[in-house]
Amino acid sequence: MVLSAGLAAGAVPAIPARAPVSPPLPGPLASGARLPETAGMSDSPPSRALAPQRHETILARIESQGAILVSDIVQQFGVSHETARRDLKALALRGALDLTHGGAVRSAAVEPELASRSVRNTEAKARIGQRAAALVRDGMSVLLDAGSTTAAIAAMLGGRHGLTVITTSLPIARDLCRHDGFRVQITGGTINPGDEAAEGPEVAASLARFRIDIAFVSAGAVADDGSVTDFTPLGAETRGLMIAAARQGYFVVDSSKFGVRTPCRIVAQAAGLITDAPPPDAIAAGLAARGVPVILP
């Protein structure tokens, strides 16, 4: 090995002077982790769960109850309405739920299609159908909403005479038009293939053309406070108009829908709620406070 001039054998070469280097910080920051962003920021209140935790709870709630409201999220987590809506929008973008006015419902069809509803609670619906049909007199003008429960009512009308039946339901219209002496009218509207029924603003316009003696109207659920609710704003509005269009308008709801939450209230003063079993005390009290008697078979 050849040494540079003036460097004695065995001497160590001088290292050029550099700026002082601070000793490494202890812990994970030594590996380049970011400092906590505490300056100028306050910790979130303990009651405010992190977004992933909120999302998990929201999805569990929708899975068990079918729907959730923005106000539910605000109350449970102590977040703002804007944060709650952002949570729901983020989950909707993932396809985990469907947004509604004021909340969200299960993804895909917000309400089970008619084919699947028709095979559920058939005995209860038959009892409701028989009790509702007992209120119908010969010569009446009868409004029947679409649905499996109202189809059960239609099946019980065979002994009546001179009825005029107005309905949004294609299956109900098909079955009753075969009855001698019945006049059957389908409302206007766009046909929803899942419900096999007309929907949209044309339904409301059609109702104004008829004198309706009695109406039987479906609903998505009856909440714990006795409010009758539905899956969509349009459905809730239309069903409220159906009740209002009749001299006597009745909700027909089987007891499996008690305590279920769907997001949209049906604003209407019904003559009664026809069901197959007594509702829980809280629901019964809520219906009574609203002036809606419960009618049982």
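Which residues does Leu143 touch, not counting residues up to four places away in sequence? The list runs to Ile166, Leu207, Ile212, Ile214, Ala215, Phe216 and Met242, where a contact means heavy atoms within 4.5 Å. The model is a predicted one, so to speak: local features need pLDDT of at least 70, side-chain atom pairs count only at pLDDT 80 or more, and totals for chains, interfaces and linings use all residues. Residues are numbered from 1 along each chain as its sequence is written, and side-chain values use heavy atoms, with hydrogens and water left out.

Leu143 also turns up, with Phe251 and Leu273, among the residues with the most contacts inside the largest nonpolar core, which has 25 residues. (A nonpolar core is a set of buried Ala, Val, Leu, Ile, Met, Phe, Trp, Tyr and Cys residues joined through side-chain atoms within 4.5 Å; buried means under 20% relative accessible area, exposed over 50%, and partly exposed in between, with a 1.4 Å probe and protein chains only.) Two or more residues each come from helix H8 (201-207), strand E9 (212-217), helix H9 (233-245), strand E12 (246-252) and helix H10 (281-289). Helices (H or I, at least four residues) and strands (E, at least two) are DSSP runs, numbered from the N terminus. Apart from this core lies another, of 21 residues, including Ile128, Met140, Ile153 and Ile214.

E2 and strand E3 (residues 103-106) are joined by 4 bridges in the antiparallel sense, with Asp98 opposite Val105 in E3.

Elsewhere, strand E5 (residues 164-167) and strand E6 (residues 183-186) run parallel, joined by 4 bridges, and Thr164 stands opposite Arg183 in E6. A further open sheet of 3 strands has the order E10-E11-E13 with antiparallel pairing. In that sheet, 2 bridges join strand E11 (residues 228-230) to E13, and Thr229 faces Arg265 in E13.

As for charges, the whole structure holds 10 salt bridges, each a side-chain nitrogen of Lys or Arg within 4 Å of a carboxyl oxygen of Asp or Glu. Arg85 pairs with Glu82, the closest N and O atoms being 3.8 Å apart; both lie in helix H3, 3 residues apart, about one turn of the helix. Asp225 meets Arg265 at 3.5 Å, N to O. Asp225 lies in the loop between E10 and E11 and Arg265 in strand E13, so this pair ties together parts 40 residues apart in sequence. Asp225 is partly exposed at 32% relative accessible area, whereas Arg265 is exposed at 52%. Arg290 forms a salt bridge with Asp225 as well (3.7 Å, N to O).

Terms used:
Two strands pair if DSSP finds at least two bridges between them.
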